[in-house]
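Student: Could you show me how to read a few local features of a protein model?
Tutor: Gladly; let us look at it together.

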Amino acid sequence: MKILVCISHVPDTTSKIKFTSDGHSLDKDGVQFVINPYDEFGLTKALQLKEEHGGVVSVITFGDSDVEQTLRKALAIGADDAYRLDGVPNDGIQTSQELAFFIKENEFDLIICGQESIDYNGGIVPGALAANLNLPFINACIGLEINDNVANTVRETDGGKETASANLPIIIAGKKGLVEEKELRIPNMRGIMTARSKTLKVIELSGAKSLSESISFSAPPEKKAVKIISSENIEELVRLLNEESKVI
Amino acid sequence: MVIIYAETWNKKFKKTTFEAVNYGARCSKEIGTEAIAVVFGECDSHLADLGNHGADRIIHIQGIEQFEPFSFATVLSDIAKEFNGKLIIVNGTANGKSLIGVMSSLLSSSAISNVTELPVNYEPINVHRSAFSSKGIEKCSSKSNCTILGIVPNSIGIISLEDIESIIEVRNIISKGKTIFGESQNESGNVPLPEAERVVSAGRGMKGPENWGIITELAEVLNAGTACSKPVSDIGWRPHSEHVGQTGIQINPQLYIAIGISGAIQHLAGVSRSKTIVVINNDPEAPFFKAADYGIIGDAFDVVPRLTEAIKSFQK
Ligand SMILES: Cc1cc2nc3c(=O)[nH]c(=O)nc-3n(C[C@H](O)[C@H](O)[C@H](O)COP(=O)(O)OP(=O)(O)OC[C@H]3O[C@@H](n4cnc5c(N)ncnc54)[C@H](O)[C@@H]3O)c2cc1C
């Protein structure tokens, strides 16, 4: 089975997010980058499926040479080879089209994305990719088994879940549940050593265009200082929730 | 035209469906066009209720009962083409999030998700959206004729518009899905999290799953959804569907009550857009107090039952 895991290179979850003074982009100064948390679940799932069914796990990302550290990490965790779409993505449509172009030339049985990337929180790429390739699509996928070329999946709904199945190839957008937190794989020494000799191929873009653009970024408004209410005076909290905030 | 996906759940409109219709109707007035709401499958709610929130026309699709991203996205995209759709409004629910990317590719249109306000301009469409897990606000501009907006449930609200006697049109369409959906099951309480107006959430400070009674009782009197921090769902005290935060569900209710949760940056990323935040924690140094509107420093096991009682007496 050929599995492709689409990985996004994002600021670590503990990062303080600042923007450049012109407001045009993220200020990367002092920011650590990691594999997008949603994609980590997908990568571990891909490795488990490979162990069960045999095959190859490839990883891909779209970005300049800075993102190669993230691909190397994925190789160290156990992916067999890596691809970098050489450029700077502008929106989800452009990203999905570049990925689709690559996938059409390389054919995979299973394509695993994350539900969204924690930087721009777009959530556009997986569905757009599925439509572009005309393949079945499961969003918010929290369970995946492959039997005889059929993918049996579980997707999260609002406050519940639902089963769904489709023939391979299929595109899923995964999250926690695809594998459990404790199953997540991390690089070990041997993995880090072997990653150095694995293939990381740079792919030229096909020239897809973006359909939206960022104009500016700003910080969210600051909260007022907290009002501490004595635990002996809970009625005061109820009064404030009713009269001041009007939420009860 | 402005096209709105009028989502149903268990054959009824979700509360947030009215918010999406209202949003679409307000945009259509700004542009000087009409709002079309599209409803799929059997529906026990009154279609006319969509008119009361501003829909000029309601297209009721029969023949497609179960949600499937391709069949729904195809129908919505075809309607957008037929009516020269300028905007398509989709709620950021589980189903809505499954549609937005698929439609953007079917229509070669830009898709802007996580939108928290009405557009700032309409020529071109410029709109603010939440990014970097609520740590930033992005102003985004569409470059295509048609733009798909994914709006964050509960973030815009509903304003009353003139009641409209909508035109209702029924269409029969055969499904063109790619996946076969099976059973569906609900896990969390009565109120699904993404659309809950009030949420009661608890963390590791609760010490164990057997102590959740006081949390669900408080949620019940407030008619609130229940949520939890990530470690609580990781160790299986509560279902994954209750995990809120940067890597869980992102919510923005009117009221968020956090009990025995420290307020780690990843947790705040998913809840900081709540309108009013109440923190109950026995550690005065807990970082969550910095992000709260109201705080009570105290033991949850003492404070929470008394809060429940105080709300009950207030409600009488
Ligand atoms: C990549 C990554 C992603 C993450 N994503 C998320 C996410 O999406 N959501 C999330 O929640 N976390 C997330 N985390 C975890 C996050 O960093 C914190 O570890 C977590 O939020 C802490 O959960 P907690 O507040 O329940 O537990 P703790 O940090 O252990 O806090 C427990 C709190 O309870 C208080 N307490 C104890 N006893 C009582 C009592 N009797 N009465 C009142 N208060 C009491 C304590 O003072 C303390 O403040 C993520 C971490 C990483 C690394």
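Tutor: First, a term: helices (H or I, at least four residues) and strands (E, at least two) are DSSP runs, numbered from the N terminus. Keep in mind, too, that this is a predicted model.

Student: What kind of peptide bond joins Leu168(A) and Pro169(A)?
Tutor: The general idea comes first: most residues other than glycine have a negative phi, and most peptide bonds are trans. Here, Leu168(A) and Pro169(A) are joined by a cis bond, with omega about -10 degrees. Pro124(B) sits in the loop between strand 8 (121-122) and strand 9 (125-131) of chain B.

Student: And phi? Where is Asn121(A), and is it buried or exposed?
Tutor: Asn121(A) belongs to the loop between strand 6 (110-114) and helix 4 (125-133) of chain A. Its phi is positive, about 50 degrees, although Asn121(A) is not a glycine. With a relative accessible area of 3%, Asn121(A) is buried. Asp148(A) also has a positive phi, near 45 degrees, and lies in the loop between strand 7 (137-147) and strand 8 (150-157) of chain A. Asp148(A) counts as exposed, at 77% relative accessibility.

Student: How do I read a pair of packed helices?
Tutor: Two packed helices are described by the angle between their axes and the distance between the axes. Take helix 3 (residues 69-82) and helix 4 (residues 94-107) of chain B: they pack at about 50 degrees, with axes 9 Å apart. Angles from 65 to 115 degrees would count as roughly perpendicular and those under 35 as roughly parallel, so helix 3 and helix 4 of chain B are oblique to each other. The crossing of helix 3 of chain B past helix 4 of chain B is right-handed.

Student: Which residues make that contact?
Tutor: Helix 3 of chain B contributes residues including Phe70(B), Phe72(B) and Leu76(B), while those from helix 4 of chain B include Leu99(B), Val102(B) and Met103(B). By type, the contact residues of these two helices divide into eleven nonpolar, three polar and one charged.

Student: What does Phe83(B) touch beyond its sequence neighbours?
Tutor: Leaving out residues up to four places away in sequence, Phe83(B) touches Met1(B), Ile3(B), Ile36(B), Arg57(B), Ile59(B) and Arg171(B). Phe83(B) and Ile3(B) are 80 residues apart in sequence, yet 8.7 Å apart in space, C-alpha to C-alpha. Phe83(B) counts as buried, at 16% relative accessibility.

Technical notes
Residues numbered from 1 in each chain as written. Chains lettered and ligands numbered in written order. Predicted model: local features only at pLDDT ≥ 70, side-chain atom pairs only at ≥ 80, totals over all residues. Heavy atoms only, no water. Axes fitted to C-alpha atoms, helices over the stretch in contact; angles between N-to-C directions. Parallel < 35°, antiparallel > 145°, perpendicular 65-115°, else oblique. Left-handed = near helix turned anticlockwise from the far one by under 90°. Contact = heavy atoms within 4.5 Å. Nonpolar A, V, L, I, M, F, W, Y, C, P; charged D, E, K, R; others polar. Buried < 20%, exposed > 50% of the residue type's maximum accessible area, 1.4 Å probe, protein only.
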